[in-house]
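Please open the model in your viewer and keep the selection panel at hand. The stops below go from one selection to the next.

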Amino acid sequence: QVQLVESGGGLAQPGGSLRLSCAASGSGFTMNVMGWYRQAPGKERELVATVTGGGRTNYAASATGRFTISRGGAGKTVYLQMNSLKVEDTATYYCYAMTTNRGGRNENWGRGTQVTVSS
């Protein structure tokens with residue numbers, strides 16, 4: 001079983017920065033794609049960015065040029081560096097990981113960390 005624990009959310013001013021971290025724990029699986037999604041009040045959950053085990057990244061248009069996703073911790077930790085934050089970045093950010101084990105492919109989610117951008 002995979003557990004994802006996020007950290008690093010909080011309050012930032014417009015134009016500021018935050019760095020999110022997500023660490024995966026557990027055993028008996030292979031980590032594949034990791035990433036971040038977000039959900040604002042009254043809106044659907046949306047992709048922010050993903051990164052493969054080989055380092056290939058994919059960003060939402062809203063994140064391109066401002067956010068950087070990376071992996072560490074032997075591939076079981078994913079980071080999201082968020083710069084030039086905007087009020088519209090306010091949301092709950094969820095860590096995502098696709099893993100494989102004997103049973104096949106699994107999608108895993110963290111509990112979320114709140115990011116609030118406000119002056």
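Select Cys22 and Cys95 to begin: a disulfide joins them, with S to S at 2.0 Å, the term standing for a pair of cysteine sulfur atoms within 2.5 Å. Because Cys22 lies in strand β3 and Cys95 in strand β9 (residues 91-101), this pair ties together parts that are 73 residues apart in sequence; strands here are DSSP runs of E of at least two residues, numbered from the N terminus. The angle about the S-S bond is -85°, a left-handed link. Cys22 is buried, at a relative accessible area of 0%, and Cys95 is likewise buried at 0%, where buried means under 20% relative accessible area with a 1.4 Å probe, protein chains only.

This is a predicted model, in which local features need pLDDT of at least 70 and side-chain atom pairs count only at pLDDT 80 or more, while totals for chains, interfaces and linings use all residues. Residues are numbered from 1 along each chain as its sequence is written, and side-chain values use heavy atoms, with hydrogens and water left out.

Next, select strand β3 (residues 18-25), which pairs with β1 in the antiparallel sense over 5 bridges, pairing requiring at least two bridges found by DSSP. Val5 stands opposite Ala23 of β3.

Finally, show Arg19 and Tyr79: Arg19 lies over the face of Tyr79, 4.4 Å from the ring centre, and Arg45 lies over the face of Tyr94 at 3.8 Å. A charge counts as over a ring if NZ of Lys or CZ of Arg is within 6 Å of the ring centre and within 35 degrees of the ring normal.

Methods. Helices (H or I, at least four residues) and strands (E, at least two) are DSSP runs, numbered from the N terminus. Buried means under 20% relative accessible area, exposed over 50%, partly exposed in between (1.4 Å probe, protein chains only).
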